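Please look through the sequence and the model shown here before reading on.

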Amino acid sequence: MNAPMHALAGVITEKFILAAPQEAARALASLATHEVLLLIGPLKAQVVVSCLNPMDPPKAAAVLRRLPLKQASYILARLNVEQAAKLWKEFSTPYRERLSAALEPAFVKLLAEANSFSPDSAGRLMRTDFVAVRTESKLSALIEKLKSLPRKKLPAVCYVTGKDGELKGFIRTAELAFYTAQSVCGSVMSPAVFLHPQDSAKQARELFLQAETDSLPVVDDKGILLGVLPKESLPAATEKGSLWARLTK
């Protein structure tokens, strides 16, 4: 083990990465790709996502290419959309074809189009890590999904989709206790308002005011759920005299 690798072996821990992802990304980027893989190998996928998100795209792409295809596709689908799109451009055509077979078609299409979205669009700012169940699923299945998540990662809202991934509605996590575990998700869900990837931050702010929620789903032109835009991801409003600015003073 060389000196830089040895020095970082006891530092690049899950706790350190989650507390300082940018510092962790810079430290890992200074190592050879095979050394990075040795350090991140034992880590959970979500922790790997945290350090690959701020990493220089060529280096992050080199790391992802060396992971097993199933693991690489899982991590890529949970990176920030902007970072995932940059990595997508770094991959060779044969590798993109292999990844495409393991990813949802709607997500592959999103990666190809992401660079055409404006920097403050819902498609660039949204997150693709969300909890979704089918309309015919029982609440017991949703509860099991939530049990597998760390307490800090529990979402305020879970989404309900049709058989092709199209958004049908949502269920607030806090309201699960009011229903029986055998209830069908489609029968207890509420209708959802949504954004499209090309919608601007201004449009998102207006919809947030109407919806009274902290996150909005983002769907494509076929209504397929692509991601979730948290209110906290929106850039600060700068438009003078805007309704948002007046309401948040």
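**A residue and its surroundings**

Ser73 touches Leu99, Ala102 and Leu103, where residues up to four places away in sequence are not counted and contact means heavy atoms within 4.5 Å. This is a predicted model, in which local features need pLDDT of at least 70 and side-chain atom pairs count only at pLDDT 80 or more, while totals for chains, interfaces and linings use all residues. Residues are numbered from 1 along each chain as its sequence is written, and side-chain values use heavy atoms, with hydrogens and water left out.

**The protein as a whole**

- The secondary structure comes to 15 helices and 5 strands, which are DSSP runs numbered from the N terminus (H or I of at least four residues for helices, E of at least two for strands).
- Of the 249 residues of the protein, 45% count as buried, a word that stands for under 20% relative accessible area, with exposed meaning over 50% and partly exposed in between (1.4 Å probe, protein chains only).
- Among the contacts in the protein with a separation of 6 or more, 61% are between residues 24 or more positions apart.

- Ser73 lies in helix H7 and is buried, with a relative accessible area of 7%.
- The side chain of Ser73 reaches the backbone oxygen of Lys70 at 2.9 Å.
- Asn80 has its place in the loop between H7 and H8, and Asn80 is partly exposed, with a relative accessible area of 36%.
- Although Asn80 and Val49 are 31 residues apart along the chain, their C-alpha atoms are separated by 8.8 Å.

**Helix H4 against helix H6**

- Helix H4 (residues 33-40) packs with helix H6 (residues 57-65) at an angle of about 65 degrees, and their axes are 9 Å apart; axes are lines fitted to C-alpha atoms, for helices over the stretch in contact, and angles run from 0 to 180 degrees between N-to-C directions.
- That angle makes H4 roughly perpendicular to H6, since angles of 65 to 115 degrees count as roughly perpendicular, those under 35 as roughly parallel, those over 145 as roughly antiparallel and the rest as oblique.
- In this contact, Thr33, Val36, Leu37 and Ile40 of H4 meet Lys59, Ala62 and Val63 of H6.
- The residues of the contact of H4 with H6 divide into 5 nonpolar, 1 polar and 1 charged, where Ala, Val, Leu, Ile, Met, Phe, Trp, Tyr, Cys and Pro count as nonpolar, Asp, Glu, Lys and Arg as charged, and the others, Gly among them, as polar.
- H4 is mostly covered, with 6 of its 8 residues buried, and these are Thr33, Glu35, Val36, Leu37, Leu39 and Ile40.

**Helix H6 against helix H8**

- The axes of H6 and H8 come within 9 Å and cross at roughly 75 degrees, and the two helices are therefore roughly perpendicular to each other.
- Pro57, Pro58, Ala60, Ala61, Leu64 and Arg65 in H6 meet Gln83, Lys86, Leu87 and Glu90 in H8.
- By class, the contact of H6 with H8 has 6 nonpolar, 1 polar and 3 charged residues.

**Helix H10 and Lys109**

- The buried residues of H10 are Ala106, Phe107, Val108, Leu110 and Leu111, and they pack against helix H7 (69-76), helix H8 (81-90), helix H9 (93-102) and strand S5 (225-230).
- Lys109, which is found in helix H10 (residues 105-113), is partly exposed, with a relative accessible area of 39%.
- Lys109 and Asp220 are 111 residues apart in sequence and 9.6 Å apart in space, C-alpha to C-alpha.

Notes:
A polar contact is a pair of N or O atoms within 3.5 Å; within protein, one must be able to donate a hydrogen and the other to accept it, and residues adjacent in sequence count only if both atoms are side-chain atoms.
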